[in-house]
Amino acid sequence: MEITRRNFLTGAAAMGGLAAFGLAGCAPKSVQADADEALAETGGETSATATEGAEVTPEPTPDATVDADVVVIGGGASGLCAAISAAQNGAKVVLFEKQAQLGGNGMMPEGLFAVNSPKQAELGIESPRKIDIIANEFQFNNFRITYDYWSNYIDGSGESIAWLLDLGVVIERVESMFGSPEVFHYGEGGHCEQMIETLIAATDTLGVDVHLNAPAIRLKQEDGAVVGAYAEGPEGVILANAKAVILTSGGFSGDTEKVRELVGYDTTYMQTPPNPANVGDGMRMAFEMGAASAPAACLTASRSVGDVRGTDLFVVSAGQPFLWLNELGHRYIWEDLGTQSMTLVVRANMAQKKAFSIFDSEEFDRLCNEGAPLKRYRTLAHTPLMNLADEIEQALETPEIEGAKLAYRADTIEELAEQMGIDAEEAVKAVERYNELCEKGIDEDFGKAAEYLIPVKTPPFYGFRETLECQTSLGGIDIDPFNRVVDAAGAVIPGLWAGGSDASKLTMESYNIEVPGSLLGYCVYSGRTMGKAAAEYAKA
Ligand SMILES: Cc1cc2nc3c(=O)[nH]c(=O)nc-3n(C[C@H](O)[C@H](O)[C@H](O)COP(=O)(O)OP(=O)(O)OC[C@H]3O[C@@H](n4cnc5c(N)ncnc54)[C@H](O)[C@@H]3O)c2cc1C
């Protein structure tokens, strides 16, 4: 293809994902310089501006103006930490939040990662070596990560816990997860709502100027430096003039189309996390300022069709170690993969055109009376599922979503397979073979543990389509190891930081459960350190 300035920029940008934001032509100055150089060699014209042809949000006319040292965009897990830390370090802070309340998806976690924390010291827990954690992440990410990002984070993780404890956050216990070292710090009651509520209270105590229902829409730039942000508040456009801006708008997990484009999953049945507001606003605003894009990934969890969060149906319909069949009617993985990680379950399922989980009526009775084999979110294993029978009846009556039902039931495997739209003849053979292995007590084909060889013999049979929830996206905006936003040449864009789900560079794949809680841990670490750095920058 002939190199023109336009297609050079488009190609460079699209590789990193800017195209998903309609910003394929919005390239930083350094990319423009490279393009100009390339064109000079081919005799092309080089006079256009960096954002030529891009759909950049026009600079709005403000209805009101406030002055601050630091503006934080997004008041979830990372943004609250950033705002508090900036205020603790003497900055006047404005926080724009899109929703009517603070907290974002930060309300959902059970706990966070840290090593060498005061809580571990109190409990006599010895932390793993930093290099062992990073080596584990290198393996998990096929060596596509950079040491410094993890190193800084791990070094700061214990201090993050000390900082949270000082603010009044309760860390209930520290445990291993799925065989990991003891690094998972559980919040009060086994979840992090008290943590987020404590952080919200601290923003108030420290005088952070919080604007709710005020989505940031554009950043303000002068001489290459970011010097403020515009938000659309209930009473019109507010301009917050500031020396520094911190992007913590939670990534793009609320936008199914972006997950499909940037991460590559079939998102037909994908569920988005509880906070629908995280649709990539921070990424778009950063790209408009010339930020480079970084590869993006997703924290995913195994789900069935339809939003059944909080129900017994949720517990049994995805990720449990029953029999799994794909569109060919074949088994395709050891079904106890969920004992290792629900994220890996998603990856295995999404590699099939269709994936179904199947159990029989004997197992159904056991689920109702004794509970499920594996813990799902906050429901522990072996907890009787009293509402399951009613919920399955309701699911069977619920209209199809995009051609898939919430639950299937039939008296024969052949009929069940036909309802689910998979190869019935092969499915019958697969079930016969699987039952043979269950009788032997050894899974010679896939090596599933004997305790999960649950036969599928007694009608009626139940089936559930396996899909995913994107719980948070990971990355997107390119940053240096100190969360300063960079352009394609790696040059820092003055005055602009990004962290939490907006920018991380910690993973190229997904969430590695062998380093459990690494996402929330990173939100606290990145928020805390960005707030301090931005406050110091504003004072200088
Ligand atoms: C069910 C579930 C369980 C989880 N469990 C764990 C766990 O145990 N451990 C763990 O480490 N992680 C866990 N996570 C992931 C964790 O919740 C996220 O990593 C974390 O919340 C990300 O924080 P954030 O600040 O980037 O985004 P959020 O906390 O979602 O905050 C982003 C905020 O930005 C706001 N916003 C968006 N756009 C704009 C805009 N234009 N202007 C202003 N505000 C804007 C949003 O409304 C939101 O309040 C879980 C997630 C889910 C869904």
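## Salt bridges, cores and cavities

Tutor: Start with Glu 257 and Arg 260, whose side chains meet in a salt bridge with an N to O distance of 2.4 Å; the term stands for a side-chain nitrogen of Lys or Arg within 4 Å of a carboxyl oxygen of Asp or Glu. The model is a predicted one, so local features need pLDDT of at least 70 and side-chain atom pairs count only at pLDDT 80 or more, while totals for chains, interfaces and linings use all residues. Residues are numbered from 1 along each chain as its sequence is written, and side-chain values use heavy atoms, with hydrogens and water left out.

Both partners belong to helix α8 (residues 256-263) and sit three residues apart, about one turn of the helix. Helices (H or I, at least four residues) and strands (E, at least two) are DSSP runs, numbered from the N terminus. Glu 257 counts as partly exposed because its relative accessibility is 39%, and Arg 260 is partly exposed at 39% as well. On this scale buried means under 20% relative accessible area, exposed over 50%, and partly exposed in between, with a 1.4 Å probe and protein chains only. Side chains of opposite charge can pair when their charged atoms come close.

The search of the whole structure returns 31 salt bridges. Another of them joins Glu 436 to Arg 433, at 3.1 Å from N to O. These two residues are three apart in helix α15 (residues 424-440), so about one helical turn separates them. Glu 436 has a relative accessible area of 43% and is partly exposed; Arg 433, at 27%, is partly exposed too. Salt bridges with shared partners link Arg 433, Glu 436, Lys 440, Glu 444 and Asp 445 into one network. A further pair is Arg 173 with Glu 175, at 2.8 Å from N to O. Arg 173 is partly exposed at 28% relative accessibility, as is Glu 175 at 31%.

Now the nonpolar interior. A nonpolar core is a set of buried Ala, Val, Leu, Ile, Met, Phe, Trp, Tyr and Cys residues joined through side-chain atoms within 4.5 Å. The largest one has 58 residues, and Ile 73, Phe 96, Leu 219, Leu 247 and Ile 477 have the most contacts inside it. Leaving aside residues up to four places away in sequence, Leu 247 touches partners including Ile 73, Leu 219, Ala 286, Ile 477 and Trp 497, where contact means heavy atoms within 4.5 Å. A separate core of 44 residues includes Leu 325, Ile 358, Ala 372 and Ala 407. In soluble globular proteins, nonpolar side chains tend to be buried together.

Two cavities of 30 Å³ or more are present. A cavity is a set of points, on a 1 Å grid over the protein atoms alone, where a 1.4 Å probe fits but cannot get out, and its lining residues have an atom within 4 Å of a point. Points are joined across faces, edges and corners, and the volume is the space filled by probe spheres set on them. The largest cavity comes to about 60 Å³. Its lining includes Glu 137, Trp 150, Leu 506 and Tyr 511, and by class it divides into four nonpolar, four polar and one charged. Ala, Val, Leu, Ile, Met, Phe, Trp, Tyr, Cys and Pro count as nonpolar, Asp, Glu, Lys and Arg as charged, and the others, Gly among them, as polar. The second largest cavity holds about 40 Å³. Among the residues that line it are Tyr 149, Asp 480, Leu 506 and Tyr 525, with six nonpolar, two polar and one charged in the lining.

Some backbone details remain. Pro 459 and Pro 460 are joined by a cis peptide bond, omega being about -5 degrees, and Pro 460 is in the loop between α15 and β16 (461-474). Phe 178, not a glycine, has a positive phi of about 45 degrees; its place is the loop between β5 (171-175) and β6 (184-187). Phe 178 is partly exposed at 40% relative accessible area. His 382 has a positive phi near 60 degrees and lies in the loop between α12 (361-370) and α13 (388-397). At 57%, His 382 is exposed. Most residues other than glycine have a negative phi, and most peptide bonds are trans.

Terms used:
On a 1 Å grid over the protein atoms alone, a cavity is a set of points where a 1.4 Å probe fits but cannot get out, and a pocket is an open set with protein on both sides within 12 Å along at least five of seven lines; lining residues have an atom within 4 Å of a point.
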